[in-house]
Amino acid sequence: MIPGNRMLMVILLCHVLLGERSHASLIPEEGKSRAPTGLPAAAHRQSHELLRDFETTLLHMFGLQRRPRPSRSAVVPQYLLDLYRLQSGEAEEAGAASATAGPHDAGFEYPERSTSRANTVRGFHHEEHLEQLPLEGSAAGESSSPSFRFLFNLSSIPEEELLSTAELRIYRERVDEEEEETGGDEDLHRINVYEILKAPHASQLITRLLDTRLVRHNSTRWESFDVSPAVLRWTRERLPNHGLAVEVLHVGGASSPHQGRHVRVSRSLHQKPGEDWGQLRPLLVTFGHDGKGHPLTRRAKRSPKQRGRKRNRNCRRHALYVDFSDVNWNDWIVAPPGYQAYYCHGDCPFPLADHLNSTNHAIVQTLVNSVNTNIPKACCVPTELSAISMLYLDEHDKVVLKNYQEMVVEGCGCR
């Protein structure tokens, strides 16, 4: 990642290039100006080349090899949207995320333990065209319960990204009272999740139990299962990925007429009105760190700093809003639509006042400049930078939540 001040210089360059576009807003909010239109053809070509270089540099900073081109079938799971809103501070009030989301998000819990060691969260849907269901017999060898096999393609995870945890999320919905013929609230199901070690035949699997959960029929929520051991073996140890197996067992009382049908692990031929299978299908979520910057931390949304309008020309922070739609990135960046990056500009006059946040070296340099103009003055630069979180679709249509360091200027000073 390039340093924050260099990144802001690149954005300012983009402002110059985009000045000819009437809708460009990658410019300071104070003293807006436009570049002259009607550039010669050679200058126009040069402008496009510089803009292409800008895009390449910024994409590499985001850890992308090329600009994502999301397909129409790409789905952004509500779980990752809620996670972004809570992590970035957009959902400050309890239940704010579930209030804007559908009923399938009931029971959302912020994964404090997982995010404390990760700066990148990725979501994967299974390869539905490879899904084999139902299998003959369960993963554990019991023929009375349905089992399903899920293959997740994790090849888009970069080699340098070290995974810490992974979870499989499965949606289950409340069974209506009129559908319950036996057992009532005591009618239970056990959901078992296995790693498939070998798959010699479609109907015969060699498995290892990863996690299990006993669930009732009287609530609608997502269930999370720890599949870290399997995913770490696939990514760290490069062992073959034969996928996961999920079985739903009826326990307690007589056999249930809705044997596991309230657990959504496969596409239904008789979908309910308004039901979105893209949001209800099983989701594998990985938490990892690429060795750059700090982990994701849940934080309160920053309130804008109230400052009086200063007329002097001394070093200070100025507004600079980066709007991703200006470079047509709003098709793959889900959130935020843009952010306030700010930039530092102004004089560092002799003598340097305390509020200019100067180093001892800057004070000495400015003192020497006052008697020898061949020595430049100290420069107005960022002295404190903070991170932003971005939710986006990568080159493989996978949804990524990532923490990027040194993206927002929090303080300026003379250096």
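Colleague: Where is proline 336 in this structure?

Modeller: Proline 336 sits in the loop between strand 12 (333-335) and strand 13 (338-340). Keep in mind that this is a predicted model.

Colleague: What should I look for in the peptide bond from alanine 335 to proline 336?

Modeller: Start with the general idea: most peptide bonds are trans. The bond from alanine 335 to proline 336 is cis, and its omega is near 0°. You'll find another cis bond from phenylalanine 350 to proline 351, with omega near -10°. Proline 351 belongs to the loop between strand 14 (343-345) and helix 8.

Colleague: Now the rings. How many aromatic pairs are there?

Modeller: The count comes to 6 aromatic pairs. To read a pair, check the ring centres and the angle between the planes: over 60 degrees is edge-to-face, under 30 is stacked, and the rest are tilted. Take phenylalanine 62 and tryptophan 329: their ring centres are 6.2 Å apart and their planes are at 65°, so this pair is edge-to-face.

Colleague: Why does that pair tie together parts that are 267 residues apart in sequence?

Modeller: Because phenylalanine 62 is in the loop between helix 2 and helix 3 (78-88), while tryptophan 329 is in the loop between strand 11 (321-323) and strand 12. Phenylalanine 62 and tryptophan 329 are both buried.

Colleague: And what kind of pair do tryptophan 329 and tryptophan 332 make?

Modeller: A tilted one, because the planes are at 50°, with the ring centres 5.3 Å apart. Tryptophan 329 and tryptophan 332 are both buried, too. Zoom out and you get one aromatic cluster formed by Phe62, Trp329, Trp332, Tyr392 and Tyr404.

Colleague: Which residues have the most contacts inside the largest nonpolar core?

Modeller: The idea is to follow buried nonpolar residues whose side chains join up. Here the largest nonpolar core has 33 residues, and those with the most contacts inside it are Phe62, Trp329, Trp332, Tyr339, Met390, Tyr392 and Met407. Helix 2 (41-61), strand 15 and strand 16 (399-414) are the elements that each give two or more residues to this core. Strand 16 gives the most, with 7 residues. There is also a second, separate core of 26 residues, and Phe148, Phe152, Leu154 and Ala166 are among them.

Colleague: Is helix 6 enclosed or open, and how many of its residues are buried?

Modeller: Helix 6 (residues 228-235) has 7 of its 8 residues buried, so it is largely enclosed by the rest of the structure. Those buried residues are Ser228, Ala230, Val231, Leu232, Arg233, Trp234 and Thr235.

Colleague: What about glutamate 384: which residues does it touch?

Modeller: Leave out residues up to four places away in sequence, and glutamate 384 touches Val408, Val409, Glu410 and Gly411. Glutamate 384 is in strand 15. The C-alpha atoms of glutamate 384 and cysteine 412 are separated by 6.9 Å, although the two are 28 residues apart along the chain. With 48% relative accessibility, glutamate 384 counts as partly exposed.

Colleague: Which residues make the nonpolar surface patch?

Modeller: Val364, Val368, Val371 and Ile375 make it, and the patch covers about 330 Å². Isoleucine 375 lies in the loop between helix 8 (360-369) and strand 15 (380-393), and at 32% relative accessibility it is partly exposed.

Colleague: Last one: how many helices and strands does the whole protein chain have?

Modeller: The protein chain has 8 helices and 16 strands. Of its 415 residues, 47% are buried. Among contacts with a separation of 6 or more, 76% come from residues 24 or more positions apart.

Methods. Residues are numbered from 1 along each chain as its sequence is written. This is a predicted model: local features need pLDDT of at least 70, side-chain atom pairs count only at pLDDT 80 or more; totals for chains, interfaces and linings use all residues. Side-chain values use heavy atoms; hydrogens and water are left out. Patches are made of residues with over 30% relative accessible area and no salt bridge: like charges are joined within 9 Å, nonpolar side chains (Val, Leu, Ile, Met, Phe, Trp, Tyr) within 5 Å. Accessible areas come from the Shrake-Rupley method with a 1.4 Å probe; for residues, only the protein chains shown count as cover. A salt bridge is a side-chain nitrogen of Lys or Arg within 4 Å of a carboxyl oxygen of Asp or Glu. Helices (H or I, at least four residues) and strands (E, at least two) are DSSP runs, numbered from the N terminus. Buried means under 20% relative accessible area, exposed over 50%, partly exposed in between (1.4 Å probe, protein chains only). Contact means heavy atoms within 4.5 Å. A nonpolar core is a set of buried Ala, Val, Leu, Ile, Met, Phe, Trp, Tyr and Cys residues joined through side-chain atoms within 4.5 Å. Rings of Phe, Tyr and Trp (its six-membered ring) pair if their centres lie within 6.5 Å; planes under 30 degrees apart count as stacked, over 60 as edge-to-face and the rest as tilted.
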